[in-house]
Amino acid sequence: MTYKNIISAILSVSLIIILSSCNSQSIDNTAQESEIDLFAMDTYMSLKAYGTTGETALQKASDKIKALETTLSVTNEESEIFRLNSAGGKKTEISSDTAFLIERSLEINKETNGAFDITLYPVTKEWGFTTGSYKIPSQARIDELLANVGSDNILLDTDGNYVSLKNEANIDLGGIAKGYAGSCAEDIIKAEGVTSAILNMGGNVQTIGTKPDGSSWKVGIQDPSDSTQLVGTVEVADKAVVTSGGYERYFEDELGNIYWHILDPKTGYSAKTDIISVTVIGSDGTTCDALSTSLFVMGTEKSVDYLKTYRNHDAVIVSNDNTLYITKGIINEFKASNEFSGYKIITI
Ligand code: ADP
Ligand code: MG
């Protein structure tokens, strides 16, 4: 993680904390507040819960997030994904967490016409996005690697939790894992009887229930061009709010061209998109995460079609022509910040 990314991660965590604690006079002061901060899945996370069982709940949730990081990391040689990617195509046993994520990724790959593809990993790796040792690969190298990209190279046997990767395919769950970690944490926290919690996991926010006083959480959507500013806020309860954008992780060449970490599976290059940032809001954090990555690749036109077809998710899209595309399900809960109040709003 670069110095800039660390600063921006700290700023965005503090921004959400400020937001979740504004209107503090209306928070029920009798609700006991617990907080755990951790660094996992390459980002700073801040987990907050209210009520007497909050501390135990957060501890268990944090243990699960760390365990998932160990299982799902693409670079850690001890991880299940590393073992699978090194298996040379052999049938490999995987945990139910990994099996679920592969299955869900395959479904989203179909729904998004291939915009979300976990078999992009060899290409992402070549660009250095998973290690931070960035380089621009030659077109010939990208073509060679793209030949083995394609979700039909994943043979998943869900009955026994086995998987094999054909044609030297390798996978990376980086576009969906954090959302899943948020969903697992949500289940664990709720099982401990907590009815009010907010988990800020670097670009992914998972809310549990409402604020202690019964009102909605106000979650900030970060300004893509300035991590200390907000595009606006959305008021939600029991929902995940997940943002993807090119500004999160990128490098620049000597000519000033910017290459970001979300790639288009069709080209093997950073997705050329008219979207600056996309926030997906819904009750399933896993899907919201995969979708935020997918819609970024798809661009506004295809994203709008997608959101109209699959009405179970809301979204706020910031496009590069000073327009905010907002689904009707969230329009009344969205409030633009002063800086974005001049943007055209298109309701979808
Ligand atoms: P972040 O995890 O940084 O918040 P995203 O959820 O958008 O952002 O995920 C980006 C990550 O997803 C990349 O770092 C890479 O591991 C993976 N990825 C990049 N492009 C794609 C794609 N088209 N389909 C699936 N995964 C992708
Ligand atoms: Mg994602």
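A residue is taken to be near a molecule or strand if one of its heavy atoms lies within 4 Å of it. In this predicted model, local features need pLDDT of at least 70 and side-chain atom pairs count only at pLDDT 80 or more, while totals for chains, interfaces and linings use all residues. Residues are numbered from 1 along each chain as its sequence is written, chains are lettered from A and ligands numbered from 1 in the order in which they are written, and side-chain values use heavy atoms, with hydrogens and water left out.

Ligand 1 sits among 17 residues, with D172, S244, E248, L263 and T293 the closest. Polar contacts here are pairs of N or O atoms within 3.5 Å. A nitrogen atom of ligand 1 lies 2.9 Å from a polar backbone atom of L263, and a nitrogen atom of the ligand is also 2.9 Å from a backbone N or O atom of A115.

The magnesium ion (ligand 2) picks up G175 (O), D289 (O), D289 (OD) and T293 (OG1) at 2.1 to 2.5 Å; donors are N, O and S atoms within 2.8 Å of the metal (3.2 Å for Na, K and Ca), and sites may look incomplete because water is not among the atoms. G175 has a relative accessible area of 16%, so it is buried (under 20%, 1.4 Å probe, protein chains only). T293 is likewise buried, at 15% relative accessibility.

Note on methods. Polar contact = N/O pair within 3.5 Å; in protein donor to acceptor, adjacent residues only side chain to side chain. Buried < 20%, exposed > 50% of the residue type's maximum accessible area, 1.4 Å probe, protein only.
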